[in-house]
Amino acid sequence: MSHRAAAVFLLLLASALLSAQTASPTVADAQAFLDRAEAQLLTLSNQEQQANWVSETYITQDTEAIEARASDRTIALATQLIQESHRFDSIQLPPDMTRKILLLRLSLDLPAPSDPKLREELTNTVASMSGDYGKGKFCPPDVSPTTPTPDDPNASHCMGQDETEVFFATTRDPKALANAWAGWHQIGAPMRQRYARFVELSNQGARELGFADTGVLWRSHYDMPPVDFSADIERLWAQLQPLYVELHTYVRHRLIEKYGDAARRPDGMIPADLLGNIWAQEWGNVDDLVAPPTTVPTYDLTKILQARLTGTSDENARHMVKYGESFFQSLGFQPLPETFWKRSQFIRPRDRDVICHASAWDVDNNLDVRLKVCLHPDATDFVTVHHELGHNYYQMAYRQQPFLFRNGANDGFHEAIGDSIALSITPDYLKTIGLLQQLPPPDADIPLLLHTALDKIGFLPFALVMDKWRWEVFSGTVSPADYEKAWWDLREKYQGVAPPVDRTEADFDPGAKNHIPTNVPYIRYFLARVYQFQFYRAMCQASGYHGPLNRCSFYGSKPAGDKLNAMLSLGASKPWPDALQAMTGTRRADASAIVEYFKPLLDWLRQQNQNEKPGWRPEPDSLKASLPTGPLACDPKPAPAITASHAMPNQKSLAQDTIHLP
């Protein structure tokens with residue numbers, strides 16, 4: 001072939017290739033793209049999950065770096081594929097392909113710039129904040145951070161998150177609690193500047209994907225415009241707020257009876273260190289302080305478990321998990337894989353730093369499911385086990401779906417499954433499995449409902465604050481100079497809690513909660529509180545139960561299990577209303593099940609609060625722990641009755657096969 005002929009041939013070949021690239025894409029092209037994308041994403045997702053597991057169970061600079069590199073690869077690929085997917089915007093695709101492309105575009109909870117150096121900076125920043133959180137400790141005033149942990153667990157020593165949580169749950173000295181609160185929250189301050197940089201980089205990535213900021217991206221996951229989603233969350237909160245205000249008023253009064261001036265504030269707010277939890281997010285640990293005086297016999301599940309489980313820490317933890325596995329087996333589900341028992345972390349290792357925050361893992365998007373927990377034989381962790389296994393059984397149920405559909409119908413669904421199972425931990429269930437010898441009388445319903453509300457209802461505004469703060473930070477409404485004030489302004493407005501010690505903008509209290517440095521969206525937990533009662537009522541009805549909703553347990557009901565599995569196996573293959581309909585027969589979220597469940601308690605709380613002023617008065621300076629006295633500007637009228645609500649719609653990061661406890 002002559003040089004001239006070769007040149008003509010190459011020109012024609014280039015022209016043909018260019019024409020192929022610019023030709024209108026076809027459905028077959030889109031299918032080929034999705035097949036390739038899912039195969040690539042599955043491979044990188046599995047690699048990232050392995051890296052994340054090692055990073056959280058063996059925290060070192062090296063494992064943080066490995067995690068960051070794995071995350072960088074996944075984000076880079078997802079960003080590239082999202083950009084490629086826009087090639088098919090002009091053609092009509094079948095519904096399943098359209099849904100896959102939608103889920104792909106919404107898959108990054110951590111959107112990153114396309115610039116490799118900036119993307120690497122972002123992933124390294126998140127990995128370092130996550131590592132700092134996992135290594136975080138509260139050290140009592142007389143202990144140095146370098147002091148070795150003594151063999152005697154009762155000796156004074158620095159405490160990680162799990163030990164600090166136990167400290168808050170069991171300590172009743174207000175001065176010690178205030179010191180511990182301030183000590184734990186110090187772990188956030190060093191993250192402050194890194195977090196501000198993280199926001200800049202994440203927002204740049206979100207804008208490159210076509211979103212105004214990362215918060216808008218997050219709120220786009222729920223099948224409605226982001227602004228409508230925000231409004232719907234407020235609508236739902238308005239329906240649930242009356243119950244919260246009555247609970248807050250009652251708890252505040254009882255804490256003042258216990259702690260006196262340490263709990264009394266002229267604005268009606270509750271000091272955040274007195275509610276039995278590091279973050280004041282759930283209040284069940286102060287049940288002994290606020291429970292109504294009664295001679296009606298109830299039960300203490302923690303004492304029962306501690307008397308029953310007398311083996312080693314590892315043996316006790318595995319026994320706790322067996323209880324949860326048995327519940328799912330009673331509904332017709334299979335036993336957990338053998339690898340689950342070999343690869344899970346059930347207790348805190350003594351030889352290294354780990355992140356103890358409870359989470360459920362799907363390491364290979366198939367059957368390599370695991371728990372990462374640091375369990376103790378107590379009532380809280382008994383519930384945690386049932387909750388986390390709900391994630392694992394959901395993960396196994398949708399494993400036959402294509403990769404982009406291997407997730408919950410929305411992220412609120414994933415959280416609600418385990419919680420709906422946990423609602424079934426009733427006296428009937430505990431008696432059936434041999435942990436109770438006799439059932440409490442019906443008169444015990446109020447103490448039991450109150451205990452449940454301390455966690456379930458007490459949690460609601462905290463869940464709102466976690467993401468409303470981040471939405472405002474991502475949007476620029478809150479600047480880095482006002483991070484701390486904005487945090488406490490929201491906690492005052494929604495929760496009615498205040499810091500026990502003065503704060504300044506040198507602090508960064510949001511960073512002392514796992515989901516902020518690890519970048520896990522939180523509104524899913526608020527939604528889960530709504531969904532779980534709806535799922536629970538549906539399974540109670542399927543089991544044939546008739547009676548007060550709060551006494552139902554569907555343990556052992558195969559019809560309830562069939563209804564649950566029908567929803568779980570759909571994964572994300574259908575819009576969330578389709579999955580909801582498979583479970584409940586309705587396509588709309590509905591808070592009426594919460595109303596039904598807690599109605600006896602709400603009536604009782606109103607009676608108890610007749611001589612109390614409900615509510616609190618937000619203060620101009622939310623960073624101050626103590627304020628001058630003044631009248632409490634609260635509405636003395638009883639809170640309006642809670643009515644049924646129709647709540648909002650609402651995916652998963654491609655690497656989010658790890659599901660965290662709130």
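**Reading the terms in a predicted model**

Mentor: Leaving aside its neighbours within four places in sequence, Gly390 is in contact with Phe328, Ile417 and Gly418, where contact means heavy atoms within 4.5 Å. This is a predicted model, in which local features need pLDDT of at least 70 and side-chain atom pairs count only at pLDDT 80 or more, while totals for chains, interfaces and linings use all residues. Residues are numbered from 1 along each chain as its sequence is written, and side-chain values use heavy atoms, with hydrogens and water left out.

Trainee: Where does Gly390 lie, and why is Gly390 called buried?

Mentor: Gly390 lies in helix H15, residues 379-397, where a helix is a DSSP run of H or I with at least four residues, a strand is a run of E with at least two, and both are numbered from the N terminus. The relative accessible area of Gly390 is 0%, and buried means under 20%, exposed over 50% and partly exposed in between, with a 1.4 Å probe and protein chains only; therefore Gly390 counts as buried. The C-alpha atoms of Gly390 and Ala416, which are 26 residues apart along the chain, are separated by 8.5 Å.

Trainee: How much of the chain is buried, and how many helices and strands does the chain have?

Mentor: Buried residues make up 58% of the 662 residues, and the secondary structure comes to 24 helices and seven strands.

Trainee: Why is H21 called oblique to H22?

Mentor: The two helices pack at an angle of about 140 degrees, with their axes 7 Å apart, where axes are lines fitted to C-alpha atoms, for helices over the stretch in contact, and angles run from 0 to 180 degrees between N-to-C directions. Angles under 35 degrees count as roughly parallel, over 145 as roughly antiparallel, 65 to 115 as roughly perpendicular and the rest as oblique, so the angle between H21 and H22 makes them oblique. The crossing of H21 and H22 is right-handed; in general a crossing is left-handed if the near helix is turned anticlockwise from the far one by less than a right angle, and right-handed if clockwise.

Trainee: Which residues make the contact of H21 with H22, and how do they divide by class?

Mentor: From H21 come Phe535, Ala538, Met539 and Ala542, and from H22 come Pro559, Ala560, Lys563, Leu564 and Met567. They divide into eight nonpolar, no polar and one charged, where Ala, Val, Leu, Ile, Met, Phe, Trp, Tyr, Cys and Pro count as nonpolar, Asp, Glu, Lys and Arg as charged, and the others, Gly among them, as polar.

Trainee: What makes H3 oblique to H4?

Mentor: Helix H3 (residues 61-85) and helix H4 (residues 95-105) pack at an angle of about 135 degrees, with their axes 9 Å apart, and that angle makes H3 oblique to H4. Their crossing is left-handed. Leu81, Ile82 and Ser85 in H3 meet Ile101, Leu104 and Arg105 in H4, a contact with four nonpolar, one polar and one charged residues.

Trainee: Why is Thr586 called partly exposed?

Mentor: Its relative accessible area is 31%, so Thr586 is partly exposed. Thr586 lies in the loop between helix H23 (576-584) and strand E5 (589-590), and, not counting residues up to four places away in sequence, Thr586 touches Gln534, Pro577, Leu580 and Gln581.
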